[in-house]
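Visitor: Please show me the model, and then take me through it by question and answer.

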Amino acid sequence: MTDPALLELLNITRDQYLDGRVGAAIEGLMRLEKLACHDHLLLQQIAEMFVQCGQHQDAERCYARSVELQPSNPDYLYNLGASKTALGEFEEAEELFTRAIKFNPKDYGAWLNRSGLKKQTPKSNHVDQLKFVRSRLNRNEPGMVQVCYALAKELEDLRNYDEAFQFLQEGAHLRRLGMQYDVQEDELVMAKIAQRFGAGQHGTTSNGQESDRPVFILGLPRSGTTLIDRIVSAHSHVGSLGEHNTLPLALLTMTTVEGDPPPGKEELVDRSAAIDFGELGRKYCESIDGFGNPSPRLIDKTPLNFLYIGLIHLALPNAKIIHLRRHPVDVCYAMYKTLFRAGYPFSYSLQEVGRYFIAYHRLMSHWRSLIPNAFLDVDYENMIVDQEGQTRRILDYLELDWEDGCLDFHQHQGPAATASAAQVRQPIYSSSVGLWRKYQQQLMPFTARLKEHGISID
């Protein structure tokens, strides 16, 4: 049984992280790990907190120690496999997921993650095994979702597009049934952001934090943000903190009255327009300093930070913002076919992902009109066909000298804990461009809706 005193120490580190004191949280986790070296359950919790703090090597070490203590525990094998995936150790990850499945054939997350580690081939795939597993599952069992997504992914690899889409549609529908979500709330929030952060707000002088250390890479999920993160962080003056909640957590702290519950989404927008923007900038910079990365520039690659572009401009006027754009149907289909670990509830219905995209498109148009030159638009497709030219354009925007290493981003050893973890370890490839056309017939109602709202898909 875990020592209650150690659990209290873990809770302290969690509170420190939520309060933006990331450096203190990491130091506490390091001390706690030494005290918990024989407690496999506590090591799992410490590893999860290390991941929250962006310390993937430390998390891997804790997960590995747990597996040493309990080598037949499928949950621990799975977690270590996921950690190895983030670190680019795909052969080890595949072996760990296979072991997890051996000890627990109902570890459907391991089935799904194993399918995503590499492109499946006619000679090497798991389609027959997955179909057998699916045949033994009740439609309402949670594992059905993961199995359907795994089948869709492998069948797409094998170019069996019609069957792939059938399984994808089934998995997404089941996933959506298990969620409480109303896309209208997000539509209203984005409209309110545009209203509250308008010309009046941005026409005044801000007392923002002057640091030029932050670099935000943002856009819709699956738009290419991880690719650009890898390219830019291959530069010797740039480090990446990956995806983290530092900005929204700092904002939530500043807009929540002590003793009251956190505000709802729309109330949060209203309150955020009245905060001390300089204090938000200072809190943010103190937090990212705590991650312990000494690089002069630090990337925050959290896609949905596009919601906060107005706040970033006021709180961190010298920060650089890179916005990724991708063909509307390609990016929406890419979101739809991804089973995210958390977040992005709009992505499991084509109707809802379309409505979310339209609202996002309007908000980005608002930012361009309101604060021109506040961010750099980078088109995913342009990067695919002109890697060097687009990389030079990005480095010029960041006021960084050219380095050839940015072209060899796939050799960069930093962690990548996103749905693109396997893809960004490869050189740039073009097979994802226009992939939606393989499903043109199935996507016709979706594409028609985009056209109705003036969004070109040509």
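Guide: A polar contact is a pair of N or O atoms within 3.5 Å; within protein, one must be able to donate a hydrogen and the other to accept it, and residues adjacent in sequence count only if both atoms are side-chain atoms. This is a predicted model, in which local features need pLDDT of at least 70, side-chain atom pairs count only at pLDDT 80 or more, and totals for chains, interfaces and linings use all residues. Residues are numbered from 1 along each chain as its sequence is written, and side-chain values use heavy atoms, with hydrogens and water left out.

Visitor: How far from a polar atom of the side chain of Arg213 is the backbone oxygen of Ser295?

Guide: The side chain of Arg213 also has a polar atom 2.5 Å from the backbone oxygen of Asn293. For the backbone oxygen of Ser295, the distance to a polar atom of that side chain is 2.7 Å.

Visitor: Is Arg213 buried or exposed?

Guide: Buried means under 20% relative accessible area, exposed over 50%, and partly exposed in between (1.4 Å probe, protein chains only). Arg213 has 15% relative accessibility, so Arg213 counts as buried.

Visitor: Which way does helix 6 run relative to helix 7?

Guide: Helices (H or I, at least four residues) are DSSP runs, numbered from the N terminus. Helix 6 (residues 90-103) and helix 7 (residues 108-115) pack at about 155 degrees, with axes 9 Å apart; axes are lines fitted to C-alpha atoms over the stretch in contact, and angles run from 0 to 180 degrees between N-to-C directions. Angles over 145 degrees count as roughly antiparallel. Therefore helix 6 is, relative to helix 7, roughly antiparallel.

Note on methods: Helix = DSSP H or I, 4+ residues; strand = E, 2+ residues; numbered from the N terminus. Parallel < 35°, antiparallel > 145°, perpendicular 65-115°, else oblique.
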